[in-house]
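User: I would like to learn how to read salt bridges and nonpolar cores in a model like this one. Could we go through them step by step?

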Amino acid sequence: MKRSLALGLSLTLLASPVMATEKDTLKARQDRLSNQLEESKKAQDETDAELDITEAERDAVSTEIRVVNERLEGLSEQIAVQQEEADAARTELEETRDQLAAQGQYLESQKALLSERLRVLQVNEDRSYLQVVFESRSFGDFVTRLLTAQTIAEQDRDLIHTYMNEVERLETLEARQRTQLSFLKQKERELVVTKQALDVAAEQKRDLLSELNEQVELLELEKMSRAEEQALMNEQSRIIAGQLEAIATAEREAAEAQARAEAEARAKAEAEAKAQAEAKAAAEAKGQSDEKATASPAPTPPPPAEAPTNVSGPATSFVRPVSGYVSSPFGPRQNPLTGVAESHRGIDLVNATGTPIVAAAPGIVIKAAPATGYGNVVFVSHIVGGAVWTTVYAHLDSITVSSGQTVSAGQTVGTLGNTGWSTGPHLHFELHRGQWAPGQPNAVDPGPYIGY
């Protein structure tokens with residue numbers, strides 16, 4: 001393959017001065033690629049450092065969220081215990097209040113009797129004892145009446161004291177229970193407030209974690225894209241080095257061929273001159289007169305070497321990679337996946353899945369593999385009119401060429417598909433004036449070049 005490429009380049013070099021320009025173009029392109037590769041590596045180092053920092057932040061936030069969640073679980077348990085204790089205290093308080101109400105009802109039922117007895121004890125206490133004495137029929141009856149009166153008085157007093165003591169006890173218990181219930185409710189409120197604050201903090205942490213996860217994904221995607229960019233640039237550099245080597249081989253072979261041709265021409269001229277001198281000397285030796293001597297014709301210079309036909313001359317135009325309608329032209333648009341404004345660096349040609357995709361010009365395949373965003377993609381490097389061009393065929397369903405393969409215009413490189421960041425079957429086609437580079441600064445509108 002390299003030998004045939006070198007021969008073709010050699011023939012091109014002999015046929016046209018385009019190869020000198022092509023060589024300079026390739027060297028300049030190789031220098032730019034080296035600079036861009038260094039810049040991409042530096043950017044990847046920065047991305048790696050930022051990714052490490054972001055991952056560390058994400059891990060720290062994850063730890064904080066775990067701690068907050070554990071604390072929230074503990075608070076939930078405490079709140080549940082407080083609620084149970086408060087419910088129990090509330091129940092006890094209700095029972096105490098029920099007892100107080102029962103005591104009140106009992107007091108109301110005994111109020112008339114107690115009031116009368118209190119009045120009798122207060123106003124007629126001494127008189128009652130006299131009545132007991134004077135109304136007695138005998139001493140035994142007197143003792144019995146006296147003991148009975150004392151017992152009734154004592155029972156009334158005990159009843160009153162017992163009632164008052166019970167009311168006082170219940171009121172004291174009610175006050176203590178109200179205080180305990182108030183304390184429990186206050187503690188429950190504090191726990192609820194703390195939990196609400198932690199819920200807010202946890203939600204903020206979760207939002208931050210979500211943002212950090214998105215940043216990590218973007219940085220990982222950027223890292224992947226950088227690696228793919230570098231692989232693509234390395235492959236372009238490898239192909240350019242091969243092209244320069246082929247040109248150098250062609251130049252060397254052309255120089256050797258020219259030297260051989262010049263040596264053969266000189267040898268032929270010298271042989272003819274020697275033959276002419278020998279013929280002249282022989283004529284003079286035979287005594288031929290000067291009048292009859294015929295002057296030998298001047299040596300005829302060798303005809304110039306015939307320039308060979310340019311069998312691999314540079315392409316002068318591009319062919320359409322696939323038929324179909326343009327669903328998204330080159331230039332500003334809303335990204336169909338994200339809705340964000342962007343600059344579309346190619347055109348989208350819609351057709352059925354599996355439709356053959358062909359190379360737009362002769363060239364060498366730089367990359368033929370899946371890539372982030374592009375899906376299955378083929379990159380081809382071309383020399384068109386002595387200048388470097390690069391075409392990109394993305395979202396392919398299948399790839400039918402391999403990296404480093406030489407392709408001709410119209411040769412199938414894959415089939416139309418819907419891989420990568422795509423919303424439907426189509427070919428995303430890019431045309432770059434020069435090499436493909438990160439950020440696609442060399443992209444031009446392919447439409448005018450392929451008849452759209």
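Analyst: A salt bridge here is a side-chain nitrogen of Lys or Arg within 4 Å of a carboxyl oxygen of Asp or Glu. Please keep in mind that this is a predicted model.

User: How many salt bridges does the structure hold?

Analyst: The general idea is that side chains of opposite charge can pair when their charged atoms come close. In this structure there are four salt bridges.

User: Which residue forms a salt bridge with Glu203, and where do the two lie?

Analyst: The partner of Glu203 is Arg206, with the closest N and O atoms 3.1 Å apart. Both residues belong to helix H4 (residues 139–285), where they are three residues apart, about one turn of the helix. Glu203 has 39% relative accessibility and so counts as partly exposed, and Arg206, at 36%, also counts as partly exposed.

User: Is Glu235, which pairs with Arg238, buried or exposed?

Analyst: Glu235 counts as buried because its relative accessibility is 16%, and the cut-off for buried is under 20%. Its salt-bridge partner Arg238, at 2.6 Å from N to O, is partly exposed, with a relative accessible area of 48%. This pair, too, lies in helix H4, three residues apart, about one turn of the helix.

User: What does the salt bridge between Asp348 and Arg333 tie together?

Analyst: The side chains of Asp348 and Arg333 meet at 3.5 Å, N to O. Asp348 lies in strand S4 (residues 347–350) and Arg333 in strand S2 (residues 331–334), so the pair ties together parts that are 15 residues apart in sequence. Asp348 is buried, with a relative accessible area of 7%, whereas Arg333 is partly exposed at 21%. Arg333 and Asp348 are also linked with Glu342 in a network of salt bridges.

User: Turning to nonpolar residues, which members of the largest nonpolar core touch the most other members?

Analyst: In soluble globular proteins, nonpolar side chains tend to be buried together. The largest nonpolar core in this model has 24 residues, and those touching the most other members are Phe318, Ile357, Val378, Tyr393, Val413, Leu427 and Phe429. Strands S4, S7 (375–384), S8 (387–399), S10 (412–416) and S11 (427–432) each supply at least two residues of this core.

User: Which residues does Ile357 touch?

Analyst: Leaving aside residues up to four places away in sequence, the contacts of Ile357 include Pro321, Val322, Tyr393, Leu396, Val413 and Leu427. A second, separate core has eleven residues, among them Ile239, Val377, Phe379 and Ala394.

Conventions. Residues numbered from 1 in each chain as written. Predicted model: local features only at pLDDT ≥ 70, side-chain atom pairs only at ≥ 80, totals over all residues. Heavy atoms only, no water. Helix = DSSP H or I, 4+ residues; strand = E, 2+ residues; numbered from the N terminus. Buried < 20%, exposed > 50% of the residue type's maximum accessible area, 1.4 Å probe, protein only. Core = buried A, V, L, I, M, F, W, Y, C linked by side-chain atoms within 4.5 Å. Contact = heavy atoms within 4.5 Å.
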